[in-house]
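Please keep the sequence and the model at hand while reading.

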Amino acid sequence: MVGGWWCTGVRWPGEAPELAWRRGGDRRVSVLAYGTGLGFRALGERHCVGARGNVCPLAAVVPGRSTGGRCAECARLDRAHSVAADTMADDPRTYRVYLAWFGPGLVKVGITGEERGAARLREQGAVAFTWLGRGPLMAARRTEEVLRAALGVPDRIPYAGKRAVRGRLPGAGERAEAVAELYGRAAALEGRGWPESLERLPLEVVDQVEVFGLGETPAPVRSVRELVDGGVVGGRLVAAAGPDLHLAVTGGGGGGGVVVLDTRLITGWDLTAESGNDVRVPLIDIGGGGVQGGLF
């Protein structure tokens, strides 16, 4: 480590995103506000962020384009202890099943711990959602599987797809109707594979466009592909959704407009503060366009 701070990722404990930082044994959190500036320079090499709060024993170097930011061994350890790994069948906590809408044609079903509230939905960048049921972990997991099969919806949606539709969202009424229609289809399955131990919750559509700051901001057209040694990212924060920060830039490789920074790409880098309002790292067009290579 050169001496700067390592970002350990974005968090959504409330309705404002936070960046968590680590430098040696020190920890700090930056609460982000729309309209304020954000800028940094990456130094050296990117290293594995470790797993489950533990430092990577190998201090392994990881690729700049990896959104996981972990070496193979730490990624395996982190996955093995997650709820998604189905290794916690005796977990006594209550879980909730949710239906999430990210844009036209992009819906999914998932579960989260009830004590976390809607944090998981903000972390995923769900534009709108509703709770569907609550109960023990395995009942929630079983319901998730039944709904995926019956409704033909996935349990994961790539962030590239979410970014591609985020700049052209329909109005609030249409968003609510899409979630309500999906809820109706899901509720109709009660009694047909729906575990009795899972309590169905009433429809209550939660729209997060204003939380994410997406209401009046221009659609982003480029995103950061990776950081590199000496690369600079700087701009005015205008929106955020899940791990993505939308930065308005006026110069550099961004060529002006809004550039998306996936904060999963900045974990494991040694970062120092940088002023300015431009982006000088490799970018890629959002929505399947051509790649802009090199430093800008």
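Helices, of at least four residues, and strands, of at least two, are DSSP runs that are numbered from the N terminus. In these terms, alanine 59 is placed in the loop between strand 4 (37–43) and helix 1 (72–80). The model under discussion is a predicted one.

**Overall form**

The chain contains six helices and 18 strands. Its C-alpha atoms fill a box of roughly 60 × 45 × 30 Å along the principal axes. A compact globule of 296 residues would have a radius of gyration near 19 Å, and the 20 Å of the chain agrees with that value. Of the 296 residues, 50% count as buried. Among contacts between residues at least 6 apart in sequence, 67% join residues at least 24 apart.

The accessible surface of the chain comes to about 13100 Å², and carbon and sulfur atoms account for 52% of this surface. The chain carries 36 positive and 33 negative charges, and the mean positions of the two sets are 3 Å apart.

Strand 1 (residues 5–11) pairs with strand 2 in the antiparallel sense, over five bridges. Within this pairing, glycine 9 stands opposite alanine 20 of strand 2.

Strand 2 (residues 18–23) is mostly covered, with five of its six residues buried. Strand 2 also pairs with strand 3 (residues 26–31), again in the antiparallel sense, here over six bridges.

| Residue | Relative accessibility | Class |
|---|---|---|
| Lysine 162 | 3% | buried |
| Threonine 112 | 5% | buried |
| Alanine 59 | 47% | partly exposed |

The classes rest on cut-offs: buried means under 20% relative accessible area, exposed means over 50%, and partly exposed lies in between. Lysine 162 counts as buried because its relative accessibility is 3%. Alanine 59, at 47%, is therefore partly exposed.

Which residues does lysine 162 contact, leaving aside its neighbours within four places in sequence? Lysine 162 belongs to helix 4 (residues 159–166), and the contacts in question are with Phe102, Leu106, Gln124 and Ile157. Proline 17 is 145 residues away from lysine 162 along the chain, and the C-alpha atoms of the two are separated by 18 Å.

Threonine 112 is located in strand 6 (residues 106–113). Not counting residues up to four places away in sequence, threonine 112 touches Tyr95, Arg96, Tyr98, Gly117, Arg120 and Trp131.

Alanine 59 is noted for its backbone: phi is near 50°, a positive value in a residue other than glycine. Most residues other than glycine have a negative phi.

Note on methods: Residues are numbered from 1 along each chain as its sequence is written. This is a predicted model: local features need pLDDT of at least 70, side-chain atom pairs count only at pLDDT 80 or more; totals for chains, interfaces and linings use all residues. Side-chain values use heavy atoms; hydrogens and water are left out. The radius of gyration is taken over C-alpha atoms; the globule rule is 2.2 Å times the number of residues to the power 0.38. Buried means under 20% relative accessible area, exposed over 50%, partly exposed in between (1.4 Å probe, protein chains only). Contact means heavy atoms within 4.5 Å. Accessible areas come from the Shrake-Rupley method with a 1.4 Å probe; for residues, only the protein chains shown count as cover. Lys and Arg count as positive and Asp and Glu as negative; His and the chain ends are not counted. The place of a charge is taken as NZ of Lys, CZ of Arg, CG of Asp or CD of Glu. Two strands pair if DSSP finds at least two bridges between them.
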